[in-house]
Amino acid sequence: MKIIIIDYGAGNIQSIKFAIKRLGYNAVLSHDTEEILQADKVIFPGVGEASSAMKKLRASGLDGFIPKLKQPVLGICLGMQLMCRHSEEGNTQGLGIFDLEVHKFPNSVKVPQIGWNQIMGLKSDLFKGIPESSYIYLVHSFYAPLGKETIAMSDYAFPYSAALQKNNFYGVQFHPEKSSSIGEQIVRNFLNLS
Amino acid sequence: MLTKRIIPCLDIKDGRTVKGVNFVDLRDAGDPVELAQRYADEGADELVFLDISATEQKRKTLAELVYHVAEAINIPFTVGGGISSVEDVDILLKNGADKVSINSSAVKRPELINELMAKFGSQCIVVAIDAKQIDGTWKVHLVGGKVPTDIDLFEWAKEVEARGAGEILFTSMDHDGTKNGFANAALAKLSNLVNIPIIASGGAGEVMHFADTFKEGKADAALAASVFHFSEIAIAHLKQELKKEGIPVRI
């Protein structure tokens with residue numbers, strides 16, 4: 001299986017690479033569109049600030065390329081947020097795969113949310129074998145609200161989207177690569193998608 | 001519901017785990033990667049590695065350690081100790097650290113926090129603050145708590161939040177090593193003052209100290225070292241007891 005982690009200079013990609021290695025696969029970093037097209041699975045990571053990450057995507061022409069991919073694509077954390085239509089962070093136009101607008105958490109809760117929270121209302125094969133209310137690890141100040149593409153929700157101040165899916169595109173707000181054995185199973189499920 | 005985090009801290013010197021009692025006496029407590037793996041298996045929510053070595057090879061040794069830890073464990077971890085530049089942080093994050101903790105370098109040059117936020121985002125910046133009460137007021141201390149400053153703990157906490165810290169790791173030098181409980185009054189004040197998570201550190205001796213720091217100290221996470229390293233408190237047991245106290249924990 002050929003697994004590509006999209007490399008656009010945003011964030012810590014070593015952790016997801018190691019998580020895939022622990023499952024017995026080798027993931028390759030690439031920003032080469034020809035190579036990405038050949039992949040069986042594509043991971044779209046992201047850590048940091050939305051507008052600067054989006055700038056990097058535009059500079060490499062990946063912004064128009066990613067939404068056209070046909071194989072399973074998994075956006076993680078900021079990756080998921082960039083797959084939405086818009087983010088309040090830096091007033092950023094996203095890739096528009098998910099029809100949602102990303103907002104900042106209100107000050108009634110501590111921002112960022114850091115730590116382990118639960119996922120509920122699990123849908124799709126991404127969560128095959130994952131019990132309701134499993135704990136996953138999150139670090140984020142911005143969130144995608146619930147919408148028709150929500151396949152898992154979490155609760156911080158209010159219920160919001162912990163995972164999204166539209167066709168071959170999947171996005172998770174949490175870090176499966178840092179979510180212990182539950183996260184490992186979610187990564188395995190993604191790699192097993194056809 | 002977001003749970004309260006239990007964080008074992010591993011002090012690292014020349015690639016080995018050590019823990020100072022009151023930051024002075026050092027005792028060997030094992031291989032960091034093995035210890036990290038054990039804590040992850042036991043249910044630790046996160047790990048902190050604090051490098052206290054002062055050798056010229058320090059940077060390289062630490063980067064290698066981070067790489068091996070990231071390779072082995074599937075929970076988040078923070079790395080601190082002598083980090084003073086954007087370049088230092090870049091190397092550690094690239095090798096697989098999730099967060100970095102800065103301390104004295106931020107006091108000496110607070111702009112470092114802004115620079116790190118601009119380049120890496122708030123979510124990976126922990127500002128560690130060591131403080132001690134002098135004549136009834138909490139003063140920030142440097143160099144592992146040895147050097148006092150005139151800086152007020154609470155003023156400094158507000159400043160680091162404004163500059164972009166994602167989290168504060170507060171160690172009370174008055175409580176560290178005593179095993180008499182965390183500095184809950186100061187922690188609660190901090191938690192009300194800033195709107196970023198607070199990690200309580202210094203003073204853990206028994207299970208109820210953790211319950212107290214989450215309830216009275218309003219801490220979001222609690223960090224300890226020796227009680228875990230010398231198996232005085234088992235993490236799984238600790239979490240069961242916290243659950244009985246009505247504290248949300250990941251089990």
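Modeller: The model is a predicted one, and the terms are taken up below in turn.

Biologist: Why is B:Asp41 called partly exposed?

Modeller: B:Asp41 has 15 other C-beta atoms within 10 Å. Buried would need 20 or more, and exposed would need 12 or fewer. The value of 15 lies in between, so B:Asp41 is partly exposed.

Biologist: Where in chain B does B:Asp41 lie?

Modeller: B:Asp41 is part of helix H1 of chain B, residues 32-42. From B:Asp41 to B:Met173 there are 132 residues in sequence, and 30 Å in space from C-alpha to C-alpha.

Biologist: Which residues of helix H3 of chain B are buried?

Modeller: In H3(B), residues 86-94, the residues B:Asp88, B:Val89, B:Leu92 and B:Leu93 are buried. By the cut-off, each has 20 or more other C-beta atoms within 10 Å of its own.

Biologist: How do you know that the buried residues line one face of H3(B)?

Modeller: Looking down the axis of H3(B), the buried residues fall within an arc of 125°, so they line one face of the helix. They pack against helix H2 (58-72), strand E5 (77-80), strand E6 (99-102) and helix H5 (111-120) of chain B. After H3(B) comes B:Gly96, with a positive phi near 120°.

Biologist: What makes E7(B) and E8(B) a pair of strands?

Modeller: Strand E7 (residues 125-134) and strand E8 (residues 137-142) of chain B are joined in the antiparallel sense by five bridges. Pairing requires at least two bridges, so five bridges meet the condition. One of the bridges links B:Ala131 to B:Val140 in E8(B). The two strands form a hairpin with two residues between them, and B:Asp135 in the turn has a positive phi of about 50°.

Biologist: How do you know that E8(B) also pairs with E9(B)?

Modeller: Here there are three bridges, again in the antiparallel sense, between E8(B) and strand E9 (residues 147-152) of chain B. With at least two required, three bridges are enough, so these strands pair. B:Leu142 stands opposite B:Val147 in E9(B). This hairpin has four residues between its strands, and B:Val143 in the turn has a positive phi of about 50°.

Biologist: How many residues of chain A are in contact with chain B?

Modeller: 29 residues of chain A are in contact with 27 residues of chain B. On the side of chain A that touches chain B, E8(A) gives the most, with six residues. The residues of that side divide into eleven nonpolar, 13 polar and five charged.

Methods: Residues numbered from 1 in each chain as written. Chains lettered and ligands numbered in written order. Predicted model: local features only at pLDDT ≥ 70, side-chain atom pairs only at ≥ 80, totals over all residues. Arc of directions from axis to C-beta. Contact = placed C-beta atoms within 7 Å. Nonpolar A, V, L, I, M, F, W, Y, C, P; charged D, E, K, R; others polar.
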